[in-house]
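This report describes one protein chain, starting from the whole and moving to single residues. The sequence and structure come next.

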Amino acid sequence: MAAQRSDVLVLGGGVIGLACALRLLQAGASVRIVEQGTVGSGASHGNCGTLTPSHAIPLLTPGGLRKAFAQMLQNDAPLHIHPRPELARFLWLLRLARQGRRARAEEAAEARATLLLSSIDLMRDWIEEEGLDCEYAARGTLYVYRHAESLREAEKHAQWLDRLGIEAQRKSDDELQAMEPALKPGMAGGYFHPGDAHLRPEAFVAELARRVRELGGIVEENARIERVHVNGRQIDAVRTHRGVYSGKRMVMALGAWSPQVGRMFGMRLPMQPGKGYSITWSRPSRAPSRPLMLREDGVCAVAWGSGFRLGGTMEFNGFDGLLNDARVKAIRRAATHYLHESSGPVLQEMWWGWRPMSVDQLPIIGESRRWSNLIFATAHGMLGMSMAAGTAEIVTALCRGVAPDIDTHAFRPARFRL
């Protein structure tokens, strides 16, 4: 069977793959997306849609992994590592622990901040210029703390963000009440990050897919990759049950599935799936006016005109395909501690998805040193929405053979010999 050829073949139709495809089409390339399910059906669907430079600091900083191990047997802990023995996951966690050292965390935070700040500006421009109807709003994010001890610890976090050029404004309980009547009184305080924004993620990916198709991009859905054809240092084509596809350049934007397909390319990507959950209702009468990070419990609450969502938690349990009821209940229970109305009138969806977590908490973006026509755009963890536009700019520059405007040194695949 002859391969159907494009200038660029994008593997994966989540937010990263769609964003790369849109930017490449804008630059004049012909693009085809190969997606194993339907576009935007994975982690891009049920997240909270926050665009958060305020998340520049890695999830696991010094001491964070020790805390996670201490809570290992708590099935409803915000960060949960399943105790079932699994060698690959255990070795990955050991490597992750080494990355949690202060110097490594500082380097990761600086690199993440650079990409996040560039990306949020590009995202705003895209939404306006392309007419993407996704309930976008730039109202910042409010981080809320119930306990004084947690708030004191957060001061170091805020100072760290300030050094990265990300504004964090300290707020008292009275100021929180004035800003956000959806919150119950009696909070210890919080921090407001005015540079953040949010959108409805499933609407955003649907709009990206619409524009990709309008600009001539081809989207092959339900096309699981079965085999890879290579010639020397070049990937000739990928075979799916729907057809064979090739491109002068190939972009790996497969999210949590990148390691499985990577093995077909003879590569081991140091990634694990981090399972997250969300619950979506119709909009309550006292809905938050901006995203709220309910910090002690690791839960995000966000409302749009079309609905209300609670999301969060991180569960390392491999590719477990079950909805963990204990974790869903923990999200709902946490929201009752902070919000007057912790749910909406009508339950719309209970969801989980696998986030693509790299071992050093940085995305893998750049050219493969093994395959001459392969570009990586994966491992964005919890920040796929936040980093999508910046990642697309980098990938498009590399496909055109020019240096990206965004510093990519920290994200280069060569750090993992890919």
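## Surface and charge

Accessible areas come from the Shrake-Rupley method with a 1.4 Å probe, and for residues only the protein chains shown count as cover. On that basis the protein exposes about 16900 Å², with carbon and sulfur atoms supplying 48% of this area.

This is a predicted model, in which local features need pLDDT of at least 70, side-chain atom pairs count only at pLDDT 80 or more, and totals for chains, interfaces and linings use all residues. Residues are numbered from 1 along each chain as its sequence is written, and side-chain values use heavy atoms, with hydrogens and water left out.

The protein has 52 positive and 43 negative charges, and their mean positions lie 8 Å apart. Lys and Arg count as positive and Asp and Glu as negative, while His and the chain ends are not counted. Each charge is placed at NZ of Lys, CZ of Arg, CG of Asp or CD of Glu.

## Overall fold

The secondary structure comprises 11 helices and 19 strands. These are DSSP runs numbered from the N terminus (helices: H or I, at least four residues; strands: E, at least two). Along the principal axes, the C-alpha trace spans about 65 × 45 × 40 Å.

Of the 418 residues, 58% are buried; buried means under 20% relative accessible area, exposed over 50%, and partly exposed in between (1.4 Å probe, protein chains only). Contact means heavy atoms within 4.5 Å. Among contacts between residues at least 6 apart in sequence, 78% join residues at least 24 apart.

## The β18-β19 hairpin

Strands β18 (residues 364-367) and β19 (residues 374-378) pair in the antiparallel sense over 4 bridges. Pairing requires that DSSP finds at least two bridges between two strands. The two strands form a hairpin with 6 residues between them. Glu-367 has Ile-375 in β19 as its bridge partner.

## Individual residues

Gly-307 belongs to strand β16 (residues 307-316) and counts as buried because its relative accessibility is 0%. Leaving aside neighbours within four places in sequence, Gly-307 contacts Arg-200, Trp-281, Ser-282, Arg-283 and Val-302. Its C-alpha atom is separated by 30 Å from that of Ile-33, 274 residues apart along the chain.

Glu-135 is found in the loop between α5 (102-130) and β5 (141-145). This non-glycine residue has a positive phi near 60°, and its relative accessible area of 29% makes it partly exposed.

Arg-417 lies in the segment after α11 (384-400). Arg-417 is not a glycine, yet has a positive phi of about 60°. At 70% relative accessibility, Arg-417 is exposed.
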